[in-house]
Amino acid sequence: MTTFIVLGVIAVLFIGVALFIVGLYNKLVTLRNRFKNAFAQIDVQLKRRYDLIPNLVETAKGYMKHERETLEAVIAARNTAASAGQKAASNPGDPSAIKGLMASEAALTGTMGKLFALVESYPDLKANQNMMQLTEELTSTENKIAFSRQAYNDSVMVYNTARETFPTVMIAGTFGFQQAELFEITNPTEREAVKVSF
């Protein structure tokens, strides 16, 4: 009888530990899926932004014939950022993909700033109805990107904290839950919003 009690206690302890491990694993999966979903929201807004930029450049082309180099730089930066965005979207848990996206977004923001600085020199372009509508949509999209980035970073912080705390850290290491990368602005000039004024 005593052997059955000991075996019963061991079985209960084993089941309890197994359920505890399963619970921790499921928590990490849930948190990882949340930050991936949050990145998907950024991706939606970035794609909208990438779709607006060629329209903006096309509208500006007619007025800015002598600024071809700047217009081409904007499109090149847009294409690089879109490509980096696709790579990051395919695996938001890959820190190198997120870092690549941050770098390409920094370059795009810089070229867009140059474009808007040049637009200031063309009063007819500033008064163009299509240009005003596109810049208004772009400004709205930039705001949505900022909100989506904040939600993503919050989700990443919760995931990374859970991943690094005991006893979850043992489960995370065993099952390959890697640290997620924050979507941060590293260049101080990027912290300044792109000024769109007409």
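This is a predicted model: local features need pLDDT of at least 70, side-chain atom pairs count only at pLDDT 80 or more; totals for chains, interfaces and linings use all residues.
View A. Residues are numbered from 1 along each chain as its sequence is written, and side-chain values use heavy atoms, leaving out hydrogens and water. Arg49 makes a salt bridge with Glu105, with the closest N and O atoms 2.1 Å apart (a side-chain nitrogen of Lys or Arg within 4 Å of a carboxyl oxygen of Asp or Glu). Arg49 sits in helix α1 and Glu105 in helix α3, so the pair ties together parts 56 residues apart in sequence (helices are DSSP runs of H or I, at least four residues, numbered from the N terminus). Glu105 is buried too, at 5%.

**View B. Glu137 and Arg48.** Here's another of the seven salt bridges in the structure: Glu137 pairs with Arg48, closest N and O atoms 3.5 Å apart. Glu137 belongs to α5 and Arg48 to α1, so this pair links parts 89 residues apart in sequence. Both are partly exposed: Glu137 at 24% and Arg48 at 34%.

**View C. Helices α3 and α5.** The axes of α3 (residues 95–119) and α5 (residues 129–164) come within 14 Å and cross at roughly 155°. That makes α3 and α5 roughly antiparallel (angles over 145 degrees, between N-to-C directions of lines fitted to C-alpha atoms over the stretch in contact, on a scale from 0 to 180 degrees).

Note on methods
Helices (H or I, at least four residues) and strands (E, at least two) are DSSP runs, numbered from the N terminus. Angles under 35 degrees count as roughly parallel, over 145 as roughly antiparallel, 65 to 115 as roughly perpendicular and the rest as oblique. Buried means under 20% relative accessible area, exposed over 50%, partly exposed in between (1.4 Å probe, protein chains only).
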